[in-house]
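I opened this model to look up its helices, its cores and a few single residues. My notes are below, in the order I took them.

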Amino acid sequence: MPDFIIARVLHVLAVVLWIGGVGMVTTVLLPAIRRSHPAPERFGVFHDLEQRFASQSRYTTALAGASGFYMVWRLDAWDRFQSAGFWWMHAMVLTWLVFTLMLFVAEPLFLDRILARRAASAPEATYRLVEWLHRGLLALSLLTVAGAVAGSLGVNLFAW
């Protein structure tokens, strides 16, 4: 079963880089920009720095999705999606789907332009929105990671 081991290693490494980066952006980069730049400059500075991370995230989310799909296929674990006890499997797919749509569809096609226009007229409110969106994505991601780690060990975090 070395192929499965390789898939799991790649999956975990991809998730560590991806979600770890989201954590760093949310808890370090966004607050640092807020403290060091006036409101009209914040979104532009954030966008310039975040673009570098977005490129990395496209690769890591693609790798996480491909390796996750492979593991489900390899184990023939499709039936897990029919059980509420495997809620963390659904959460992994949902989290991956949200980020994939953001990184590959929304940001490049329209979201970046919408936020840039909004930031030009309402810089403080736009930056606050960006911070709250990142906090929400980080919370979803951390809940998913916690559920997946516990679930992969046979423990359901919500079965009290």
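**Entry 1. Whole chain**

I note at the outset that this is a predicted model. I counted the elements and found 4 helices and 0 strands. The order along the sequence is α-α-α-α. I looked up the extent of the C-alpha trace, which is about 55 × 35 × 25 Å along the principal axes. The chain has 160 residues, and 36% of them count as buried. I also checked how far apart in sequence the contacting residues are. Of the contacts between residues at least 6 apart, 74% join residues at least 24 apart.

H2 covers residues 39-75, which is 37 residues. Its first and last C-alpha atoms are 50 Å apart, close to the expected 54 Å. H2 does have a kink of about 30°, centred on Gln51.

H3, residues 87-121, gave another result: a straight helix of 35 residues would span 51 Å, but H3 spans only 41 Å. Where does H3 bend? I found a bend of about 75° at Glu107, with a proline, Pro108, following within four residues.

**Entry 2. The loop after H2**

I looked at Asp76, which follows H2 and sits in the loop between H2 and H3. The phi of Asp76 is near 50°, a positive value in a residue that is not glycine. Is Asp76 buried or exposed? Its relative accessible area is 55%, and the cut-off for exposed is over 50%, so Asp76 counts as exposed.

**Entry 3. Nonpolar cores**

I listed the largest nonpolar core, which has 21 residues. Those with the most contacts inside this core are Trp18, Val22, Val25, Leu30, Phe46 and Val130. Which elements give two or more residues to it? They are H1, H2, H3 and helix H4 (123-152). H1 gives the largest share, 8 residues. There is also a second, separate core of 7 residues, with Val72, Met89, Ala91 and Ala148 among them.

I then looked up the contacts of Val22, leaving out its neighbours within four places in sequence. Val22 is in contact with Phe53, Phe99 and Leu138.

**Entry 4. Aromatic pairs**

I searched the whole structure and got 4 aromatic pairs. One of them is Trp18 with Phe99, an edge-to-face pair at 5.2 Å centre to centre with 85° between the planes. Trp18 is in helix H1 and Phe99 in helix H3, so this pair ties together parts 81 residues apart in sequence. Trp18 is buried at 3% relative accessible area, and Phe99 is buried at 7%.

Another pair is Tyr70 with Trp73, which is tilted: the centres are 5.6 Å apart and the planes 45° apart. Tyr70 and Trp73 lie about one helical turn apart, because they are 3 residues apart in helix H2. Tyr70 is partly exposed, at 27% relative accessible area.

**Entry 5. Thr26**

I picked Thr26, which is in helix H1 (residues 2-36). Why does Thr26 count as buried? Its relative accessibility is 8%, and buried means under 20%. What does the side chain of Thr26 reach? I found the backbone oxygen of Val22 at 2.7 Å. Not counting residues up to four places away in sequence, Thr26 touches Pro31, His134, Arg135 and Leu138. Leu138 is also among the contacts of Val22.

**Entry 6. His90**

I ended with His90, which is in helix H3. At 32% relative accessibility, His90 counts as partly exposed. Its side chain reaches the backbone oxygen of Phe86 at 3.3 Å. With residues up to four places away in sequence left out, His90 touches Arg80, Phe81 and Ser83. I also took the distance from His90 to Gly154, which are 64 residues apart in sequence. Their C-alpha atoms are 16 Å apart in space.

Note on methods
Residues are numbered from 1 along each chain as its sequence is written. This is a predicted model: local features need pLDDT of at least 70, side-chain atom pairs count only at pLDDT 80 or more; totals for chains, interfaces and linings use all residues. Side-chain values use heavy atoms; hydrogens and water are left out. Buried means under 20% relative accessible area, exposed over 50%, partly exposed in between (1.4 Å probe, protein chains only). A polar contact is a pair of N or O atoms within 3.5 Å; within protein, one must be able to donate a hydrogen and the other to accept it, and residues adjacent in sequence count only if both atoms are side-chain atoms. Contact means heavy atoms within 4.5 Å. The expected span of a helix is 1.5 Å times one less than its number of residues. The bend at a residue is the angle between axes fitted to the seven residues ending there and the seven starting there. A nonpolar core is a set of buried Ala, Val, Leu, Ile, Met, Phe, Trp, Tyr and Cys residues joined through side-chain atoms within 4.5 Å. Rings of Phe, Tyr and Trp (its six-membered ring) pair if their centres lie within 6.5 Å; planes under 30 degrees apart count as stacked, over 60 as edge-to-face and the rest as tilted.
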